[in-house]
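Jotting things down as I go.

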Amino acid sequence: MSYPEYQADLQRIHESEVYGRAVFATAARLARSPARKKKWLALKALEELTLKRYLDYMEATHQQVVEPRGWAARGYAEGAVLGLMPWRLAMKLVRDATVPFQDKFLRLKQHAEGSDLAFFTYVYAHEKAIEAFARKELAHDAESLRAVERLLAS
C-alpha cells in the first residue's frame with residue numbers, strides 16, 4: 001500500500017493505542033464507581049488488543065516499528081483528568097477524541113487491498129466502537145459496550 005500519508009497514518013495507529021491504553025488505565029484506577037471502572041477497563045482491553053494486532057501486522061509485513069514518544073505520558077495525564085471529571089463531560093471528550101483518529105484509520109482502510117483490508121477494517125471499527133460507546137453512554141443506553149465487547153470477542 002502506498003499513498004503520501006501512509007507511514008504517518010500507520011504510525012498514528014501505534015500512537016493511538018499507546019495513548020488510549022494509558023488514558024483508559026488511568027481513568028479506571030480513579031473511577032469510584034465499579035460500573036464505570038468496568039467500562040474504562042473494557043476500553044483499555046480494546047486498546048491493548050488493537051496494539052497487539054498492530055504489532056503483529058507490522059511484524060508480518062516486515063515494517064519497522066517506531067515507539068511513539070510522549071504518547072503514554074500524555075495518556076496518563078489526560079486519563080487522570082478524564083477519570084476525575086463528570087461522566088457526561090468525559091464521554092463528550094472521548095467521543096470527540098475519536099474523530100481525528102477515525103479520519104486517519106478510514107484513509108488506511110480505503111487504500112487497503114487484499115489481506116491488509118481485514119486489518120485496517122478492524123482498526124477503523126475499533127475506533128468507531130469507542131465513539132459508539134461514548135455516544136451510547138451520553139444517551140444512557142445500558143448496552144453502551146456492545147460494539148467494544150463484540151470486537152474483544154472476535
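I'm working from a predicted model, where local features need pLDDT of at least 70, side-chain atom pairs count only at pLDDT 80 or more, and totals for chains, interfaces and linings use all residues. Numbering starts from 1 along each chain as its sequence is written, and side-chain values use heavy atoms, with hydrogens and water left out.

Just past helix 5, I found His-140 with a positive phi of about 60 degrees.

Next I looked up helix 2, residues 34–60: its axis comes within 11 Å of that of helix 5, crossing at roughly 165 degrees (lines fitted to C-alpha atoms over the stretch in contact; angles from 0 to 180 degrees between N-to-C directions). Helix 2 and helix 5 are therefore roughly antiparallel (over 145 degrees). The contact (heavy atoms within 4.5 Å) includes Leu-43 and Leu-46 from helix 2, and Ala-129 and Phe-133 from helix 5.

Then Val-148, in helix 6 (residues 146–153). Is Val-148 buried or exposed? Val-148 counts as buried, at 0% relative accessibility (the cut-off is under 20% relative accessible area, with a 1.4 Å probe, protein chains only). Leaving out residues up to four places away in sequence, I see Val-148 touching Ala-42, Leu-43, Leu-46, Ala-129 and Phe-133.

Technical notes:
Helix = DSSP H or I, 4+ residues; strand = E, 2+ residues; numbered from the N terminus. Parallel < 35°, antiparallel > 145°, perpendicular 65-115°, else oblique. Buried < 20%, exposed > 50% of the residue type's maximum accessible area, 1.4 Å probe, protein only.
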